[in-house]
Amino acid sequence: MKNPKTDDAASAATSPGRRRLLRRAAGAMLLPALPMAAGISGAARAAERFPARPIRMVVGFPPGQTSDVIARAYAAALQEILKTPVIVDNKAGANGIVAAQFVKGAEPDGYTLLFGTSGQMVINPALYAHLSYDTAKDFAPVAPIARGRLFLVVNNDLPVHGLGDLLAYAKAHPGTLRFGSGGIGITSHLAMEMLKSATGLDAFHVPYKGSPAALNGLIGGDVQILFDSGGSLLPLVNAGKVRAIAVSTLDRYPAIPDLKTVAEQGVPDFQVYAWNAVLAPRGTPAPVVNTLAAAFTQAGHRGVVTQSLAAAAHDLLPVEPGALNRFIQTETLRWRQAVDAAGIKPE
């Protein structure tokens, strides 16, 4: 026999209005848990999928310069490792500021990277009072790349064959030595200022518009000494057009094993080099940064990269990826001190 009360309750529970209310109540109970679950699974899926499209590596200097050449070698190796296109995008201008500012404003997803230089990351902050980016705040360090030794070279007419000879000559001929560089505040200029500070070398700075012009000035005798990196300089040394008397790193350059370091020639702990590192916009997810760091580490040992580094007289930057942030902080302080010692006022 049917119970009218029970039947009425069942009918009410299964009515369309009642069913809608029950669904809304159940949904409301689940809502607090949904964002967390979706966020976790979304991040995990993003990390698993990366990279899912081409990666852009931005270089702040024109094609053909050392940083560009090395970046293209890494791009070729990374394409094989990550199984996705890696495009080198040259955005030259203002000592690398244009490129750094572009990457700073990019989406922090790992698909836009800065192939940075020591000039962009640690020297520019000391040279410009109102720089449009802050290295520490606007970028996430991804991977150390390379370091470039500097070579101390002299004009062939200068009768010196070592740092001791140079210091003795400068003392005997005060006010006569001129040193060249590719511009005020660049690595080669500041390296010489560091050497002057450490040794008391008496030499006057003559800035040129670029390293090639400075090297021509050295060959022609307009300047007698300069520091420069090996890519364009070493062919001149090997051809006998200029004379190398020291190397700026604590270790000797393997291709010229008899060339002593500055430190070996009486300036303990003297070490200066230009370097490259890859950075991403601040906020790039840690799993993506870790994937990129591992890929760049692998790429550094591929033949296309090792050959490119050797041709430019560069080698791998001896810094672990996890220590890159601390390295940049230390370098920022060191180069700021060099800029101050050179008497360069921030613009």
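Figure 1. Asn155 stands opposite Val242 in S8. S4 and S8 run antiparallel and are joined by 5 bridges; two strands pair if DSSP finds at least two bridges between them. Helices (H or I, at least four residues) and strands (E, at least two) are DSSP runs, numbered from the N terminus. The model is predicted: local features need pLDDT of at least 70, side-chain atom pairs count only at pLDDT 80 or more, and totals for chains, interfaces and linings use all residues. Residues are numbered from 1 along each chain as its sequence is written, and side-chain values use heavy atoms, with hydrogens and water left out. Strand S9 (residues 273-281) is joined to S4 by 9 bridges, and the two run antiparallel. Within S9, Ala277 is the bridge partner of Pro144. Strand S10 (residues 314-316) also runs antiparallel to S4, with 3 bridges, and here Gly148 stands opposite His314. Of the 17 residues of S4, 17 are buried, so S4 is largely enclosed by the rest of the structure. Buried means under 20% relative accessible area, exposed over 50%, and partly exposed in between (1.4 Å probe, protein chains only).

Figure 2. In strand S7 (residues 225-229), 4 of the 5 residues are buried. S7 runs antiparallel to S4, with 5 bridges between them. On this side, Leu226 of S7 stands opposite Val153, and Asp228 is the bridge partner of Phe151. Strand S5 (residues 178-181) runs parallel to S7 and is joined to S7 by 2 bridges. Leu226 in S7 stands opposite Gly180 as well.

Figure 3. Leu163, Leu166 and Ala170 are buried in helix H8 (residues 163-172). Seen down the axis of H8, the buried residues fall within an arc of 55 degrees, so they line one face of the helix. The arc is that of the directions from the helix axis to the C-beta atoms. The buried residues of H8 pack against S4, helix H9 (187-199), S7 and strand S8 (242-247), where contact means heavy atoms within 4.5 Å. Lys171 and Ala172, on the other side of H8, are exposed.

**Figure 4. Surroundings of Gln101.** Gln101 lies in helix H5 (residues 97-104) and is partly exposed, with a relative accessible area of 43%. Not counting residues up to four places away in sequence, Gln101 touches Ser132 and Tyr133. Leu131 is 30 residues from Gln101 along the chain, and their C-alpha atoms are separated by 9.4 Å.

**Figure 5. The largest pocket.** This pocket has a volume of about 1100 Å³. Its lining has 47 residues, of which Phe61, Gln65, Ile186, Ser211 and Ser229 lie nearest the centre. Helix H6 (residues 118-127) gives the most to this lining, with 6 residues. The lining divides into 19 nonpolar, 27 polar and 1 charged. A pocket is an open set of points on a 1 Å grid over the protein atoms alone, where a 1.4 Å probe fits, with protein on both sides within 12 Å along at least five of seven lines; lining residues have an atom within 4 Å of a point.

**Figure 6. The second largest pocket.** The second largest pocket has a volume of about 200 Å³. Met121, Asp134, Thr135, Ala136 and Thr332 lie nearest its centre, among 15 lining residues. H14 gives the largest share of this lining, 4 residues.

Key. Grid points are joined across faces, edges and corners, and a volume is the space filled by probe spheres set on the points. Ala, Val, Leu, Ile, Met, Phe, Trp, Tyr, Cys and Pro count as nonpolar, Asp, Glu, Lys and Arg as charged, and the others, Gly among them, as polar.
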